[in-house]
Amino acid sequence: MAALLTTNPSLSSTDVVAPLRSPLKPFRSAPDSCLRTTRWRSPKAAVIPNFHLPMRSLEVKNRTSVDDIKGLRLITAIKTPYLPDGRFDLEAYDSLMHMQIVNGAEGVIVGGTTGEGQLMSWDEHIMLIGHTVNCFGASVKVIGNTGSNSTREAIHATEQGFAVGMHAALHINPYYGKTSMQGMVSHFETILSMGPTIIYNVPSRTGQDIPPPVIHTVSGNPNMAGVKECMGNDRIKDYVNKGVIIWSGNDDECHDARWASGATGVISVASNLVPGLMHEIMFQGKNPLLNSKLMPLIKWLFQEPNPIGLNTALAQLGVIRPVFRLPYVPLPLARRLEFVGIVEALGRENFVGEKDVEVLDDDDFVLVGRY
């Protein structure tokens, strides 16, 4: 009021206050034709019960039965290649996917540890899952790694993954900020409500084992496809004897896991390099001779944390550019020389790609910190 009097001195206080004291005019009655005779209802199309979670089957693209996932024997934890600026090299990725399919891989893990999901934004992650589904989903099962140590984040990523068409989700137990056994059960039960799921137990990375009581508690869930187990073949055998579907998470143990301990198959890193040989290991019966021939390659792959060895090997084979997202760096020259010998011993024809294996100089590698 004071501001009005100050800015317009010709107005008196009476001039300003008078309109505020005048009685309010009543609203006119609406014509009879406009009067509501019934209670207004929202259009049915706008009402979506349980809008957030769990997702309904009609809202999910490419809904896959859990049994379709349970029968997979060779699943490759697919590598994510990069351009020199650190963005995804989708042309190289599609070539890798094609080589997996023609050599018998039945499923792929997209954005797992091997695929460096831990170095991706969630936008990149979901985009790559969607790209894989759209280009290859009719030929191979696409399993998106949408796990997180945050249940909320795992829910959101899994919802997006199923929305873009992934056939199943891979979920790890909460790492770093560990939880109790009951907390694990609650975490897994929450995300299992969304669709077919493989639980991944790798204590060397999470710092916490998923004990058998947790698995047995959630194994009755209809969306529980099975477990990727890295705690050895004795545990795998115990699970199998109790009806739990298991994939070995260790390439060096997968032959015996499959043929001696009853594992359904393997989720493999080595199959990025030798998918045909890994297919033979999983499908053609016991083959201790072939298994022993693969051991030097597998040991070489894991002498440093995965995926350092794999990234180096694929670059040496010429199927991806020698680009690393930090903090990963290539294996040193001596190890690269070893890989050339391993390829020659196994036979170049058994490895992906068509170029001769190269050693590569240190200067050939590109390390990207911002992307």
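This is a predicted model: local features need pLDDT of at least 70, side-chain atom pairs count only at pLDDT 80 or more; totals for chains, interfaces and linings use all residues.

**Core, helix faces and charged pairs**

Phe-351 is buried, with a relative accessible area of 5%. Phe-351 pairs with Phe-339 in an edge-to-face arrangement, with ring centres 6.1 Å apart and planes at 90°. Phe-339 belongs to helix H15 and Phe-351 to the loop between H15 and strand S10 (366–368), so the pair ties together parts that are twelve residues apart in sequence. Phe-339 is buried as well, its relative accessible area being 0%. The structure holds four aromatic pairs, and ring pairs link Trp-300, Phe-339 and Phe-351 into a cluster.

The surroundings of Phe-339 can be listed in detail. Leaving aside residues up to four places away in sequence, Phe-339 touches Leu-297, Trp-300, Ala-313, Gln-316, Leu-317, Phe-351 and Val-357.

Another case involves Arg-258, which lies over the face of Trp-259 at 4.3 Å from the ring centre.

Which of its residues are buried? They include Asn-233, Arg-235, Ile-236 and Tyr-239. These residues cover an arc of only 155° around the axis, which puts them on the same side of H10. Asp-234 and Asn-241, on the other side of H10, are exposed. The cover over the buried residues includes strand S5 (197–201), helix H9 (212–218), strand S6 (224–229), strand S7 (246–248) and helix H11 (254–259). After H10 comes Gly-243, with a positive phi near 85°.

Next come the charged pairs. There are seven salt bridges in the structure. One of them joins Lys-79 to Glu-116, with the closest N and O atoms 3.3 Å apart. Lys-79 is in the loop between strand S1 (74–77) and helix H4 (90–102), while Glu-116 is in the loop between strand S2 (107–110) and helix H5 (122–136), so this pair ties together parts that are 37 residues apart in sequence. Both Lys-79 and Glu-116 are buried.

An α-helix has 3.6 residues a turn, so residues three or four places apart point the same way. Glu-338 is partly exposed, at 37% relative accessibility, and Arg-335 is partly exposed too, at 33%. A further salt bridge brings together the side chains of Arg-87 and Asp-85, 2.6 Å from N to O. Asp-85 counts as partly exposed because its relative accessibility is 36%, a value between the limits of 20% for buried and 50% for exposed.

The backbone has several details to check in the model. The peptide bond between Asn-306 and Pro-307 is cis, with omega about 15°. Pro-307 is in the loop between H13 and helix H14 (308–316). A cis peptide bond also runs from Leu-326 to Pro-327, with omega near 20°, and Pro-327 is in the loop between strand S9 (323–325) and H15.

Positive phi values occur in residues other than glycine. Tyr-176 has a phi near 60° and is located in the loop between strand S4 (168–172) and helix H7 (181–192). Leu-360 has a phi near 70° and is located in the loop between H15 and S10. Are these two residues buried or exposed? Tyr-176 is exposed, with a relative accessible area of 77%, whereas Leu-360 is buried, with a relative accessible area of 14%.

Conventions. Residues are numbered from 1 along each chain as its sequence is written. Side-chain values use heavy atoms; hydrogens and water are left out. A salt bridge is a side-chain nitrogen of Lys or Arg within 4 Å of a carboxyl oxygen of Asp or Glu. Helices (H or I, at least four residues) and strands (E, at least two) are DSSP runs, numbered from the N terminus. Buried means under 20% relative accessible area, exposed over 50%, partly exposed in between (1.4 Å probe, protein chains only). The arc is that of the directions from the helix axis to the C-beta atoms. Contact means heavy atoms within 4.5 Å. Rings of Phe, Tyr and Trp (its six-membered ring) pair if their centres lie within 6.5 Å; planes under 30 degrees apart count as stacked, over 60 as edge-to-face and the rest as tilted. A charge sits over a ring if NZ of Lys or CZ of Arg is within 6 Å of the ring centre and within 35 degrees of the ring normal.
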